[in-house]
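Here are my notes on the model, as numbered points. Please read them alongside the coordinates.

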Amino acid sequence: MKELLNAVKITEKVYWVGAVDWEIKNFHGYSTERGTTYNAYLVIDKKITLIDTVKAPFRDELLARISSVIDPEKIDYIVSNHAEMDHSGCLPEMIKIVKPEKVFASPMGEKNLKAHFGNDLQLEIVKTGDSICLGDNTLSFVETRMIHWPDSMFTYLSGEKILFSQDGFGMHMAGLERFADEYPDYVIEWEGAKYYANILMLYAPKILSVIESLPGFNFDIKIIAPDHGPCWRKNPGWIIEQYRKWSAQKPEKRAIIVYDTMWESTATMAKAIADGISSTGVEVELISLKARDRSYVATMALKSGALVIGSSTLNNQLLPPIADILTYLKGLRPLNKIGFAFGSYGWSGESIKQINEYLTATDVELTCGGVKSKYVPDQAALHECFNAGAALGNRLIEKIEAGNKPAEK
Ligand code: FEO
């Protein structure tokens, strides 16, 4: 089927030719309520260059958008900034259709693309510091290993002053508006943070070091063009600063209480803990896993200094939604958090110990050993919950104040 779709002009010489996935609501576990885009960019110069491709089922959309500007067979070069299949899925087919002179990838890009598509793939290796001349513009490459795959790479286009940042600075959001300033600020802030928390939080130290290294390349970045969501043209420095802040993960004066409950006893404990936290002036949000998913929890974990986790004990184990969240957070490794466990139980009560094991493995500072209540919490148990919440709030404030003190000379 030939689709009739248009490219979107990013600058005089660069077009967005990607695909919009309005239907995807779950991106291997990440809830993408707003869908997503797979961005590819066409650079019109003496050497016509395609930056990245799209997920395999969207090949015709990519071809249609390219065809609205030029005949796809006129493409000379393809750059693969990232081997994950939402950007490389139709690369082998595009190579067959376009027959480009060269396909560029990082050293790890070569390994990973061949691991996906076979050793017949002909690739030119480019490393950090390498450049290729397209005519009026030059492409310069920066390997950004583990942001978020070993093959990840940034490509900077001089002249048009665009940083093609693959997954970095992206967000999962379908839409035909191609610039962040065309969307409401609150949507951009939330979706940008959600993307960082769920895809990149684990790599915070590496992200900080890439941000610190960028000035050394003397790129004059006017536009950041990621592989998902809108481009940053109005103030690209804003999203770089957000990444610096999120990667530093300084404790925020906010706590989340994430819980699941069988007969409302654990929920009742959660409310008492919330009152205790709130009494100290720390903002608190109760997150019931009957209402929210893991992507929401990870986003709020990024924005919070404290994680309090509650689960009833079921068959000597955690409630499955809590086990899911703890496994997920253990992988994402949020930094500089404090927290504790709580929950109701009937006769064995393993949930506290199991939550504590996860929190400890995630380097969460425990502010108490946990709060347990047999069956339905009585007044004494609820006082204990309130007090544990208040102690956590006070510890968070102490931690924030200590972090704000000037360093002693
Ligand atoms: Fe959008 Fe790591 O792929």
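At what angle do helix α6 and helix α7 pack, and how far apart are their axes?

1. Helix α6 (residues 204-213) and helix α7 (residues 236-248) pack at about 140 degrees, with axes 9 Å apart. Axes are lines fitted to C-alpha atoms, for helices over the stretch in contact, and angles run from 0 to 180 degrees between N-to-C directions. That makes α6 oblique to α7 (under 35 degrees is roughly parallel, over 145 roughly antiparallel, 65 to 115 roughly perpendicular, the rest oblique).

2. This is a predicted model: local features need pLDDT of at least 70, side-chain atom pairs count only at pLDDT 80 or more, and totals for chains, interfaces and linings use all residues. Residues are numbered from 1 along each chain as its sequence is written, and side-chain values use heavy atoms, with hydrogens and water left out.

3. On the α6 side, the contact (heavy atoms within 4.5 Å) is made by Ala204, Ile207, Leu208, Ile211 and Glu212. Ile240, Tyr243, Arg244, Ser247 and Ala248 supply the α7 side.

4. Now the sheet. Five strands form an open sheet with mixed pairing, in the order β12-β13-β14-β15-β16. Strands are DSSP runs (E, at least two residues) and helices likewise (H or I, at least four), numbered from the N terminus. Two strands pair if DSSP finds at least two bridges between them. β12 (131-133) and β16 (223-225) are the edge strands, each pairing on one side only. From one strand to the next, the twist averages 20 degrees.

5. β12 and strand β13 (residues 138-143) run antiparallel, joined by three bridges. Cysteine 133 stands opposite threonine 138 in β13.
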